Every structure is written in C-alpha cells, then in structure tokens.
Amino acid sequence: MAGTIHIVGAGLAGLAAAVELAGAGARVVMHEGAGHAGGRCRSFHDEGLGCLVDNGNHLLLSGNRAAVAYLDRIGARATMHEAPPAFPFCDLRTGARWEIRPSPGPFPWWALSPATRAPGTGAMDYLRGLALAFVGPKFTVAEALGLPKGGAGREMFWDPLTIAVLNAETDEVAAPLLWAVLRETVGRGAHACRPLIARRGLGPSLIEPALAFLGMHGAAVRFNARLRAVEFERGAAKTLRFADGEVAVGEGDCVIVALPQGMVAEFLPGITVPEGTRAIVNAHFRVSPQAGPPRLLGLVGGTAHWVFVRETLASVTVSAADRLAEEDSGSIALRVWEDVCRALDLGPGPLPAHRIVKEKRATFAQTPANLARRAKTRTPWPNLFLAGDWTDTGLPATLEGAIRSGVSAAMAALGLEKPTGI
Ligand SMILES: Cc1cc2nc3c(=O)[nH]c(=O)nc-3n(C[C@H](O)[C@H](O)[C@H](O)COP(=O)(O)OP(=O)(O)OC[C@H]3O[C@@H](n4cnc5c(N)ncnc54)[C@H](O)[C@@H]3O)c2cc1C
C-alpha cells in the first residue's frame with residue numbers, strides 16, 4: 001500500500017491495527033493523546049507501593065484467539081503466565097470455598113457434580129445457561145436465564161460471572177454478549193479456559209513489546225498528540241487537527257480512528273455510538289511475599305469481586321462500581337482490605353501500603369439498547385475506519401474485542417474484507 005495509514009489512539013485497538021499493518025509492510029503513523037500508550041490497559045510505577053501496578057487487573061483466557069495471536073505477533077506470549085483451567089471461589093460471608101473446573105469438551109460435566117458446584121446450587125442452575133444461545137438481542141442475561149434474584153444459582157454463579165465479563169448487573173446487560181464469550185471459551189472446553197495473567201504487568205506484556213515491534217517495522221508513534229477535529233472534503237477525511245498542529249490526509253492515505261466512543265461522537269458526525277459507561281475500581285495492596293506463580297480468586301458476598309495475587313501485591317477488582325467510585329479512596333481501601341484479609345486468610349491487620357484506581361469509564365454500558373448503537377468498521381467516508389472495544393465486534397468491551405476491532409480495521413484499510421486466521 002503506497003499511502004500512509006494514520007491511526008488515532010494507541011489503546012489495544014489502535015495498537016493491534018498498527019501491528020497488523022506495520023507487519024504487512026504498510027507505512028503507519030500513530031497519534032496518541034496521552035504521553036503513553038495502552039489507554040485503559042496500562043501499567044505505571046506507584047511511588048507508595050514501590051512497584052509497577054496495572055490500572056486494573058485484566059484477565060485473558062486461552063480461548064481469546066485474537067489476543068493470543070497478538071501476543072505471538074509481538075513476541076510477548078512468554079510474558080503471560082498460563083494457569084490451569086480452574087477458577088477458585090470464596091464466599092466471604094461463610095468462608096466456603098469451591099473451584100469451578102471446566103470440562104475437557106463443550107458439555108459442562110462439572111456442573112453435574114456437587115464437588116465442583118457452588119454451595120446451594122444444582123446442575124440446572126448452570127445448564128440453564130444454554131438458554132443464552134437462543135434469545136434475541138433484546139434480552140438481558142437475567143431474562144434469558146429466568147433465575148430468581150437472590151437465588152443461589154444467580155448469586156453464586158451467574159451474577160459474579162456476568163459482572164466479571166460485562167461489568168454490569170445481570171438484569172442490565174445483553175444476553176448475546178455473555179453467550180459470545182461462553183461459546184468461545186467454556187464452549188470449546190477446558191483448553192480454551194486457561195487464565196492468562198501478565199507476569200510483570202500489562203505494560204510489559206501487551207504494550208511495550210507492541211511499541212518495540214512497531215519501532216522495528218518503521219512505524220512512527222506520536223505521543224501527546226490529541227485529536228481536536230476531523231475535517232472532510234468531497235466525502236472523505238481530509239485533515240486531522242491535533243492540539244499540536246494538523247496532518248493532511250493525502251490521496252491514498254487513510255485513517256483508523258481507535259478512540260473511545262465519546263470522542264468519536266464528538267468528531268465524526270452521524271456515527272451512532274453506545275450511550276453511558278460503567279466504572280471499575282481496582283485496589284492494590286502490598287502483602288508479604290506470596291509463593292508460586294500469579295493466581296486469582298473469585299469472591300462473593302463482599303465488596304471485592306476478584307483478587308489477583310502476584311509476588312508482594314494483592315490486586316482487587318470491583319466491577320459494576322459506579323456507586324463505589326463516588327466514595328473516597330480511603331474508605332474504599334478499608335472496606336476492600338477487609339475482604340482481602342478474609343480471602344487470603346491473612347488475619348486482621350493494619351491497612352498496608354495501597355493504591356486505589358478508579359476507572360469511571362471502564363466500559364460502555366453493555367445493554368440490549370446499546371447493542372444496536374455499536375458502529376461498524378467502515379464509515380460513510382471511504383478513507384476512514386473505526387476500531388475500539390465499543391464497535392460492533394459481537395463481543396463485550398474486552399481486550400479480545402478491542403484487538404479484533406483493530407485487526408478488522410487494518411484489514412479494511414488494506415482493502416481486505418475479513419480478518420484472516422482469527
Ligand atoms: C479497570 C479495567 C479492567 C478491565 N479488565 C478487563 C479484563 O479483565 N479483561 C478484558 O479483556 N478487558 C478488560 N478491560 C477492558 C479493556 O481494558 C478495554 O476493552 C480495552 O483496553 C479497550 O481498548 P481500546 O483501544 O478500544 O480503547 P482505549 O484503551 O480507551 O484506547 C483509546 C486511546 O485513545 C486515546 N485518546 C483518547 N482521546 C484522544 C484524542 N482526542 N486524541 C488522541 N488520542 C486520544 C486514549 O488515550 C487511549 O490511549 C478492563 C478495563 C478497565 C478500565
């Protein structure tokens with residue numbers, strides 16, 4: 001391809017597009033508004049904790065094919081710890097512990113054994129999940145499952161699963177999105193359900209190797225280049241106006257806009273985007289050195305939803321956290337630390353060094369109404385394409401969705417309709 005491909009936004013969607021294009025020999029220039037890449041998936045050094053922390057725990061599964069292909073492409077697969085396909089849980093109220101272990105094939109045989117089910121649940125609580133495959137886009141997860149609120153099946157399994165995957169309550173989010181994830185992971189068996197956890201952090205696994213790959217392939221990345229406007233002429237994008245100057249989109253050039261949906265609504269007239277966002281709060285605590293590889297533990301009955309333990313860090317995720325994110329960080333830390341002590345059997349102790357990260361716009365609100373508002377890769381302007389976890393990937397707002405959207409935009413920019421090998 002003779003022209004330059006301008007990619008605006010160096011989150012995972014923009015990076016995935018850039019890696020695909022630079023790897024194919026295209027001339028790529030990335031423009032990122034912040035002083036660093038990664039967007040909602042990044043690491044930074046925390047002074048108080050004295051180590052690298054992630055803005056939020058990010059879980060990938062081995063069934064996330066596009067993410068695994070991206071890691072392979074940038075040479076970073078070995079930076080991820082691939083854990084066995086088992087999901088330990090703890091009920092913070094009763095201390096009960098159990099482990100969900102996906103079966104080798106698609107049928108969830110594990111659900112038939114009380115030993116691998118959550119306390120108080122029966123096989124039918126899990127098998128009802130098949131209903132998710134047959135409902136239309138207007139159904140929420142709760143409507144599709146038809147399980148009563150407060151019942152064990154919902155409280156111990158479907159609510160935690162839905163909140164983890166879709167970052168909102170079961171009675172709010174669109175059923176097809178949860179089904180899409182189940183189909184590509186548990187639906188393919190245990191081998192597709194191995195958790196992939198960044199050994200050192202998101203930056204060293206997903207961002208820095210991508211930037212090194214881009215450098216090696218001659219792509220330019222401009223930081224602190226904030227897009228202010230896109231100008232159009234004769235039905236095509238003509239000029240990108242940045243805070244630090246303007247860039248002409250020449251004949252044969254094209255643009256991939258890989259920005260969050262709010263920015264797209266501002267810059268691109270007539271593009272419909274999802275409305276509303278949902279927050280995630282993360283809390284990182286210094287703990288005494290923990291033996292073994294990184295591990296994760298699902299929690300019910302408290303404030304915390306997941307705790308990831310790595311070396312001297314216990315990192316907690318609270319999803320669907322719009323209300324919590326309004327509280328002050330000190331009281332969040334106290335509340336979540338209590339959960340960590342119980343989950344990791346630490347015994348009561350003073351609040352250690354910690355860091356609270358509030359991501360108020362972690363994902364778009366993944367409601368049935370918003371499914372219809374997700375935009376396609378192609379736009380009315382033939383030289384402008386869209387990428388981002390909010391675009392119409394058929395998947396939730398996740399790394400896998402963001403990466404697929406980037407690859408799709410790259411393929412469209414190259415004049416190829418469908419991504420290959422994904
Ligand atoms: C706390 C948290 C936990 C999460 N956990 C998981 C998880 O466990 N598993 C999972 O798969 N996903 C998870 N996600 C979701 C995942 O992080 C996102 O889906 C993904 O990172 C989105 O990538 P993106 O490129 O679409 O958007 P973004 O990361 O938002 O990238 C957009 C980029 O555009 C830049 N930008 C914005 N405005 C401008 C402008 N005007 N000009 C130029 N650049 C601009 C931004 O700085 C950013 O770099 C989590 C998200 C959060 C916040």
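**Stop 1: the ligand**

Select the ligand and Leu59: an oxygen atom of the ligand lies 2.7 Å from a polar backbone atom of Leu59. Bear in mind as you go that this is a predicted model. How much of the ligand does the protein bury? Taken alone, the ligand exposes 1000 Å², and the protein buries 92% of that.

An N or O atom in the side chain of His58 is 2.7 Å from an oxygen atom of the ligand.

Next, show the whole shell. The ligand is surrounded by 34 residues. Among the closest are Glu32, Asp389 and Leu399. Colour the shell by class: 18 residues are nonpolar, eleven are polar and five are charged.

Which helices and strands each supply at least two residues of this shell? Select helix H1 (12-23), helix H8 (261-267) and helix H11 (399-413), then strand E15 (277-286) and strand E19 (354-364). Each of these gives at least two shell residues.

**Stop 2**

Keep E15 and E19 selected. They pair in the antiparallel sense over eight bridges. Pick Ala283: its bridge partner in E19 is Ile356. Then pick Ile280, which stands opposite Glu359 in E19.

Now turn to strand E18 (residues 313-318). Six bridges join E18 to E15, and the two run antiparallel. To see one place where they face each other, select Arg286 and Leu313: Arg286 stands opposite Leu313 in E18.

Widen the view to the whole sheet. Seven strands make up this open sheet, in the order E8-E7-E16-E17-E18-E15-E19, with mixed pairing. Which strands are at the edges? They are strand E8 (97-100) and E19, and each pairs on one side only. Neighbouring strands of the sheet are turned by 25° against each other on average, direction ignored.

Bring in helix H5 (residues 152-166). H5 packs on this sheet. The helix touches strand E7 (87-91), E8, strand E16 (295-300) and strand E17 (306-310). Look along H5 and then along E16: their directions make an angle of about 120°.

**Stop 2: the three-stranded sheet**

Hide the previous sheet and show E5, E9 and E6. These three strands form an open sheet in the order E5-E9-E6, with antiparallel pairing. Why is one side of E5 and one side of E6 without a neighbour in the sheet? Strand E5 (60-61) and strand E6 (80-82) stand at the edges and each has a single partner strand, so one side of each is left without a neighbour.

Zoom in on E6 and strand E9 (residues 195-198). Three bridges pair them in the antiparallel sense. Select Met80: it stands opposite Ala198 in E9.

**Stop 3: Ser43**

Finish at Ser43, in strand E3 (residues 43-46).

Now show what surrounds Ser43. Leaving out residues up to four places away in sequence, Ser43 touches Leu52, Val53 and Asp54, along with Gly201, Leu202, Gly203 and Pro204.

How values were computed
Residues are numbered from 1 along each chain as its sequence is written. This is a predicted model: local features need pLDDT of at least 70, side-chain atom pairs count only at pLDDT 80 or more; totals for chains, interfaces and linings use all residues. Side-chain values use heavy atoms; hydrogens and water are left out. Two strands pair if DSSP finds at least two bridges between them. Helices (H or I, at least four residues) and strands (E, at least two) are DSSP runs, numbered from the N terminus. Contact means heavy atoms within 4.5 Å. A residue is near a molecule or strand if one of its heavy atoms lies within 4 Å of it. A polar contact is a pair of N or O atoms within 3.5 Å; within protein, one must be able to donate a hydrogen and the other to accept it, and residues adjacent in sequence count only if both atoms are side-chain atoms. Accessible areas come from the Shrake-Rupley method with a 1.4 Å probe; for residues, only the protein chains shown count as cover. Ala, Val, Leu, Ile, Met, Phe, Trp, Tyr, Cys and Pro count as nonpolar, Asp, Glu, Lys and Arg as charged, and the others, Gly among them, as polar. Axes are lines fitted to C-alpha atoms, for helices over the stretch in contact, and angles run from 0 to 180 degrees between N-to-C directions.
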